[in-house]
Amino acid sequence: MTTAIYPGSYDPVTYGHLNIAFRAASLFDKVVFALAINSSKKCLFTLEERLDMIRQGIAHYAKEKNLNDSNIEVTQFDGLLANFVMKYEKPAIIRGLRAVTDFEYEYQMALMNRYQNYQVDTLFLIASLRYSFLSSSIIKEIARHNGDYKKLVPPYVYGRLWEKFNNQSRENGKV
Ligand code: COA
């Protein structure tokens, strides 16, 4: 049984992430969305909110594209990714490459993960062109300023972002 571990901070998950995960799901027996607890990033959403959005996003993407999601799991992990992956049978780390600029950082991470654990390989999928300009930060930036991002995230994530920024504006007395 081969397992693709797809790590990230997913603050929030986007169609770009889901596209990579579902493509990996057709290549591997199992895909695990692995949300890093100890990410150095300061996140907008709590851990629970991010897990919830990934789960809802998977269900929506599967329904919309008529895909099977029964081999996709969601979990969280703390500590080093290179250690965490060993919980699974025949694991490989999956990463999406959006542009050449991603390569340098990904190359460094892949080598460091293998340095930590020689059994861990990283496989790269080229991000779909239609989502290759996405990042979670850019989505939050557009959402914060009421821009158009409706087709770039699942409806549930869109709603959560809308709530987050509108409630924040209200709390700050802007609405
Ligand atoms: N579509 C859309 N967006 C994508 C994407 C895709 N296919 N691939 C990446 N992104 C976005 C991410 O959402 C993220 O956006 P943000 O920076 O605006 O939040 C950005 O691209 C960078 O992604 P990434 O480098 O994967 O950051 P991350 O925080 O999501 O994940 C971990 C980093 C969690 C994988 C890494 O820190 C880790 O493994 N941590 C565990 C501790 C550890 O082992 N550290 C040593 C690693 S060598």
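Trainee: Which element gives the most to the lining of the largest pocket?

Mentor: This is a predicted model: local features need pLDDT of at least 70, side-chain atom pairs count only at pLDDT 80 or more, and totals for chains, interfaces and linings use all residues. Residues are numbered from 1 along each chain as its sequence is written, and side-chain values use heavy atoms, with hydrogens and water left out. β1, α1, β4 (91–97), α4 (100–116) and α5 each supply at least two lining residues, where helices (H or I, at least four residues) and strands (E, at least two) are DSSP runs numbered from the N terminus. With seven residues, the element that gives the most is α4.

Trainee: How much space lies in the largest pocket, and which residues are the closest to its centre?

Mentor: A pocket is an open set of points on a 1 Å grid over the protein atoms alone, with protein on both sides within 12 Å along at least five of seven lines, and its lining residues have an atom within 4 Å of a point. The largest pocket holds about 1100 Å³ of space. Of the 40 residues in its lining, the closest to the centre are Gly8, Ser9, Arg95, Tyr105 and Met109.

Trainee: Is Leu81 buried or exposed, and which residues does Leu81 touch?

Mentor: Leu81 is found in helix α3 (residues 81–84). Its relative accessibility is 12%, so Leu81 counts as buried, a term for values under 20%, with exposed over 50% and partly exposed in between (1.4 Å probe, protein chains only). Residues up to four places away in sequence aside, its contacts (heavy atoms within 4.5 Å) are Ile5, Pro7, Ile93 and Asn113.

Trainee: Why do the buried residues of α5 lie on the same side of the helix?

Mentor: In α5 (residues 136–144), the buried residues are Ser136, Ile139, Lys140 and Ala143. They lie on the same side because, around the axis, they cover an arc of only 100°, the arc being that of the directions from the helix axis to the C-beta atoms. In general, an α-helix has 3.6 residues a turn, so residues three or four places apart point the same way. The arc that places these residues on one side of α5 is thus only 100°.

Trainee: How far is Ser132 from Tyr115 in space, C-alpha to C-alpha?

Mentor: Ser132 lies in the loop between β5 (122–126) and α5 and is partly exposed, its relative accessible area being 22%. Neighbours within four places in sequence aside, Ser132 is in contact with Arg98 and Ala127. Ser132 and Tyr115 are 17 residues apart in sequence, and their C-alpha distance in space is 29 Å.

Technical notes: 1 Å grid on protein atoms, 1.4 Å probe; cavity = no way out; pocket = protein on both sides within 12 Å on 5 of 7 lines; lining within 4 Å. Points joined across faces, edges and corners; volume = space filled by probe spheres on them.
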